[in-house]
Amino acid sequence: MSAALQLDDVAIRFGGVQAVAGVSFAIEEGDFVGLIGPNGAGKTTLIKIVAGLLRPERGKITLGGIDVTDDATAARVRRGLALTHQIVRPFREMTVLDNVVLGVGIHRTASPFRAMLHVDRRRESERAAHILSLVGMAGTERKLAGSLPLGQMKRLEVARALAVDPKIILLDEPLAGLNHTEASRQVETISDVQKRGITVILVEHNLEEVMRICRRLIVLNGGLVIGDGEPREVMADPVVHDAYVGGGMATHA
Amino acid sequence: MSAYEISILSIVGINVILAVSLNMISGFCGQVSLGHGAFFGAGAYAAALAMVSTASVLFALLAALIAGSLLGIVVGFASLRVRSDFLAITTIGVNFLFIGFVRKQAWLGGEMGISGIPATGLGASGNMFMILLFAGATIAFSVYVSRSWMGFAFRAVGEDEGAAATLGINAGAYKVAAFGIGTALAGLAGGLYTFFTQFITADAFDFIFSVMLMAMVVIGGIGSTSGVVFASIGLTLLPEAIRFVNDYRLLVFGGLLVLVIRLAPGGLAAMVRNLVIRVRGT
């Protein structure tokens with residue numbers, strides 16, 4: 001069976017800086033992977049490459065065995081990839097429900113002219129309301145997304161990602177900026193997502209939570225993979241330990 | 001109905017089509033276009049040439065629609081390459097290019113324009129009814145689009161292209177579609193204008209006219225079909241009703257534009273909405 005996501009020798013350079021220097025790994029369906037590393041390790045750049053926001057100078061990206069290296073973000077989303085942004089990007093002028101309905105209706109918006117032929121949103125609205133209740137946002141449907149506090153906006157990001165019915169979900173720092181209670185609630189939501197059979201890749205600075213919920217860790221440093229495996233074993237590796245201490249990254253434990 | 005009233009109602013109908021079609025590009029999809037006059041002109045010239053060669057109203061309208069949308073789709077593709085402020089500048093450039101090109105083409109009548117365009121045979125009243133019929137159809141189409149999934153996706157693209165892409169929406173395709181539809185309707189308005197005047201020159205489609213159309217959209221309320229319809233009717237009739245406004249048309253439009261952007265960015269539509277909320281609240 002093909003890997004849910006596979007990267008082969010992916011690299012990108014910005015001017016004189018080799019941000020990602022030939023990264024290869026495969027993630028199996030249903031896995032729960034933490035992608036970590038000190039600041040400047042290349043995590044966000046790699047996530048942007050996987051999401052189709054940056055084009056690598058070399059390498060290949062496959063989703064479920066299909067080469068998507070040349071595909072734009074929207075095309076990758078239609079192949080089952082979903083992502084949340086590190087800095088939340090809700091449609092502020094739309095209601096919370098409409099933010100999610102738009103994702104649920106991904107089959108309606110495949111082409112502008114197909115979209116023009118359809119008006120009814122009842123089925124999509126029911127499904128969107130269900131997704132909002134799954135992420136603990138029931139009762140907020142009619143609020144303007146721009147009026148939500150950060151904690152709820154972060155959950156709305158997860159709800160929108162779930163709305164496109166993904167096979168694999170990239171979460172870019174979903175806990176950043178949240179207080180302890182909000183972060184715990186968000187972690188619960190993310191765990192529930194993975195239990196639904198969705199492959200999860202979590203980029204997060206909160207190492208305590210990453211260690212607690214991820215089954216596998218991939219550690220980046222200097223644009224290279226320096227550790228890959230079971231979280232405790234990976235963190236016990238002296239190379240990873242040195243990168244952490246050298247990178248000034250501390251656990252929250 | 002007097003000839004004057006017929007001509008005013010005809011101009012109102014044409015301006016409604018133009019403002020509503022511009023609202024589909026700039027209001028629904030968030031793509032700032034300051035060159036709508038060029039698409040209007042492309043339709044007018046295409047219809048004029050079609051009428052001169054075939055005298056077929058249907059063929060002329062079809063030619064106007066196609067000419068407007070073809071030029072619009074080209075600009076739509078350009079919109080994929082530039083950000084919003086540069087798109088505004090690009091569309092201004094398209095408007096100037098159009099005027100410059102038309103003025104130098106002998107087959108388009110050059111500076112003198114095209115005159116002696118055959119009449120539709122419907123008479124002034126018939127033309128007016130045709131224009132108002134198309135204006136009504138354009139309004140209905142705009143309301144339909146805003147309620148459809150297309151309008152829903154347009155709003156997402158207009159607010160944040162990157163976020164729309166993460167929901168599987170191909171922003172580029174929607175931007176080209178918005179330009180294609182909006183400019184086809186502008187071309188149609190051009191065709192109707194040709195039937196109405198039977199004489200066209202490039203000056204009727206200049207940049208100042210494009211800015212006046214944008215003023216109608218902004219004053220009415222960007223994205224609101226009803227607001228834009230009211231603003232386009234009001235701003236077309238105002239210079240006819242008040243002599244001062246007619247004498248200082250640009251000054252009045254410019255002043256209104258500045259006032260709306262400063263005091264009520266949502267335009268007439270938002271003012272009415274806020275008023276309704278306030279009345280219901282008391």
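Residues are numbered from 1 along each chain as its sequence is written, and chains are lettered from A, and ligands numbered from 1, in the order in which they are written. Since the model is predicted, local features need pLDDT of at least 70 and side-chain atom pairs count only at pLDDT 80 or more, while totals for chains, interfaces and linings use all residues.

Let me start with the sheet. In chain A, six strands form an open sheet of mixed pairing, in the order S6-S7-S8-S3-S9-S10; strands here are DSSP runs of E with at least two residues, helices are runs of H or I with at least four residues, both numbered from the N terminus, and two strands pair if DSSP finds at least two bridges between them. Strand S6 (81-84) and S10 of chain A stand at the edges with a single partner strand each, so one side of each is left without a neighbour in the sheet. On average, and with direction ignored, neighbouring strands are turned by 15 degrees against each other, where axes are lines fitted to C-alpha atoms, for helices over the stretch in contact, and angles run from 0 to 180 degrees between N-to-C directions.

Within this sheet, S7(A) (residues 168-172) and S8(A) (residues 199-203) pair in the parallel sense over five bridges, and Ile169(A) stands opposite Val200(A) in S8(A). By contrast, S9(A) (residues 216-221) and S10(A) (residues 224-229) run antiparallel, joined by five bridges, with Gly229(A) in S10(A) as the bridge partner of Leu217(A). Their hairpin has two residues between the strands, and Gly222(A) takes a positive phi near 60 degrees there.

Helix H7(A) (residues 180-195) lies across S3, S7 and S8 of chain A, running at about 150 degrees to S8(A).

Now to the buried helix. Nine of the nine residues of H3(A) (residues 96-104) are buried, so this helix is largely enclosed by the rest of the structure; buried means that 20 or more other C-beta atoms lie within 10 Å of a residue's own, exposed means 12 or fewer, and partly exposed is in between, with C-beta atoms placed from the backbone. What covers these residues includes H5 (122-134) and H6 (150-163) of chain A together with H6 of chain B.

H3(A) and H5(A) pack at an angle of about 115 degrees, with their axes 8 Å apart.

What of the chain contact itself?

Finally, two residues have a positive phi although neither is a glycine: Asp9(A), at about 55 degrees, and Ala55(B), at about 60 degrees. Asp9(A) is found in strand S1 (residues 5-14) of chain A and is exposed, with 12 other C-beta atoms within 10 Å. Ala55(B) has its place in the loop between H2 (36-54) and H3 (57-79) of chain B and is partly exposed, with 14 other C-beta atoms within 10 Å.

Technical notes. Contact = placed C-beta atoms within 7 Å.
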